[in-house]
Amino acid sequence: MKNLLLPMMAALALAGCSSKVDFEIDNPTDAPLAISIDGKDLPVAAHASRPISLAAGEHHLHTDRLGDVRFIVYADGRGGLINPSLSEYVTAREIYVTGEDKLKNFGVSGLGIELGGVEFKGPFEKHHGLFIDKTWNFGVREPFPEEQVVAHVDSTGGRISTKIFTAPEFITYIEASMGEPGAYKCEQPAGYVAPAYTLEPAPALPALDPAFEAHAGPVRDIYARWLKATTASEQKALRKEDFQAQMAFTQATMTLGAKLPVAANQAYNDFVTIRSTEMARSALVLP
């Protein structure tokens, strides 16, 4: 349990409007990282990061490992990490409460993850893409504080905060939480070895059963145009158009699955999930 405190006075922070999206280029490896974006060299020291703001539209990234990478940044995105080493990161959640009696109001669940063949059960998610959208309150090099001071707490008496870790630091965090330093090596004597991931461009949408496909044209078309939308105005217009197209697609297909096999319904669910997930990202690698 971590503590949530109410201050006597609270300050209000106002964020200014900006057409750019904020990222951090992170390098969790033991070697310096040579990287350029749009022809500008942006070296990052080992176990360090550097901020960068990118305008909506197409950009070009280069590293020795990845080569030349084209990507699009989307207006009003959340930003997050740029991960040129394609390293593993983990987001973990902690409960902050005003008193121990409030813990009963939080049933935090999660299927868990595995790192190097070792399972970790809990509210954890693993990431390794070039772009990792921000879902955390505390960054890679910010520890979970023991206390947070906030202006308001609702009737639950607490809140859940999220932190992003490098994989080795997550292992250390879990071992410390368990009071068992070195527990990972008991399960994996070789220690943590970072996997070698390959760059993953924005995925194609899966094929659908003809009954679903008959209604999928407009949403497929918007997704294709989304991967070519290089101005903020075009991106915002597509978001508005997409809302109506999604509603029409859902309404037209909502009863069709009852007469189709399980595989057809699973493909439909994959189609909807992939499309909504990718179109919510702050940046996408172009195919």
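This is a predicted model: local features need pLDDT of at least 70, side-chain atom pairs count only at pLDDT 80 or more; totals for chains, interfaces and linings use all residues.
**Stop: helix α4**

What joins the side chains of Asp 221 and Arg 225? They meet in a salt bridge, with 3.0 Å from N to O. Colour helix α4, residues 217-226, to see how the two are placed: because Asp 221 and Arg 225 sit four residues apart in this helix, about one helical turn separates them. Side chains of opposite charge can pair when their charged atoms come close.

**Stop: Asp 76 and Lys 236**

How many salt bridges does a search of the whole structure find? The count is 11. For another one, select Asp 76 and Lys 236, whose closest N and O atoms are 4.0 Å apart. This pair links distant parts of the chain, 160 residues apart: Asp 76 belongs to the loop between β7 and β8 (80-82), while Lys 236 belongs to helix α5 (residues 232-253). Is Asp 76 buried or exposed? Asp 76 counts as exposed, at 57% relative accessibility, and Lys 236 is partly exposed, at 40%.

**Stop: strand β7 and its neighbours**

Show β6 (residues 57-63) beside β7: the two pair in the antiparallel sense over seven bridges. They form a hairpin, with three residues between the strands. To find your place in the pairing, select Gly 57, which stands opposite Val 73 in β7.

Keep Val 73 selected and look for another partner. Which residue of β16 stands opposite Val 73? It is Ala 283. Strand β16 covers residues 283-285 and pairs with β7 in the antiparallel sense over three bridges.

Arg 281 is partly exposed at 27% relative accessibility, whereas Glu 278 is buried at 9%. For a salt-bridge network, select Glu 88, Glu 114 and Lys 126, which are joined through shared partners.

Return to Arg 281 and Glu 278 and display pockets. The largest pocket has a volume of about 470 Å³. Its lining has 19 residues, and those nearest the centre are Gly 129, Phe 131, Glu 200, Glu 278 and Arg 281.

**Last stop: Thr 91**

Finish with Thr 91, in strand β9, residues 89-97. Is Thr 91 buried or exposed? With a relative accessible area of 4%, Thr 91 is buried. Its side chain makes a polar contact with the side chain of His 127, at 3.2 Å. Now show what surrounds Thr 91: leaving aside residues up to four places away in sequence, Thr 91 touches several residues, among them Pro 123, Phe 124, Glu 125, Thr 135, Trp 136 and Ile 164.

Terms used
Residues are numbered from 1 along each chain as its sequence is written. Side-chain values use heavy atoms; hydrogens and water are left out. Two strands pair if DSSP finds at least two bridges between them. Buried means under 20% relative accessible area, exposed over 50%, partly exposed in between (1.4 Å probe, protein chains only). A polar contact is a pair of N or O atoms within 3.5 Å; within protein, one must be able to donate a hydrogen and the other to accept it, and residues adjacent in sequence count only if both atoms are side-chain atoms. Contact means heavy atoms within 4.5 Å. On a 1 Å grid over the protein atoms alone, a cavity is a set of points where a 1.4 Å probe fits but cannot get out, and a pocket is an open set with protein on both sides within 12 Å along at least five of seven lines; lining residues have an atom within 4 Å of a point. Grid points are joined across faces, edges and corners, and a volume is the space filled by probe spheres set on the points.
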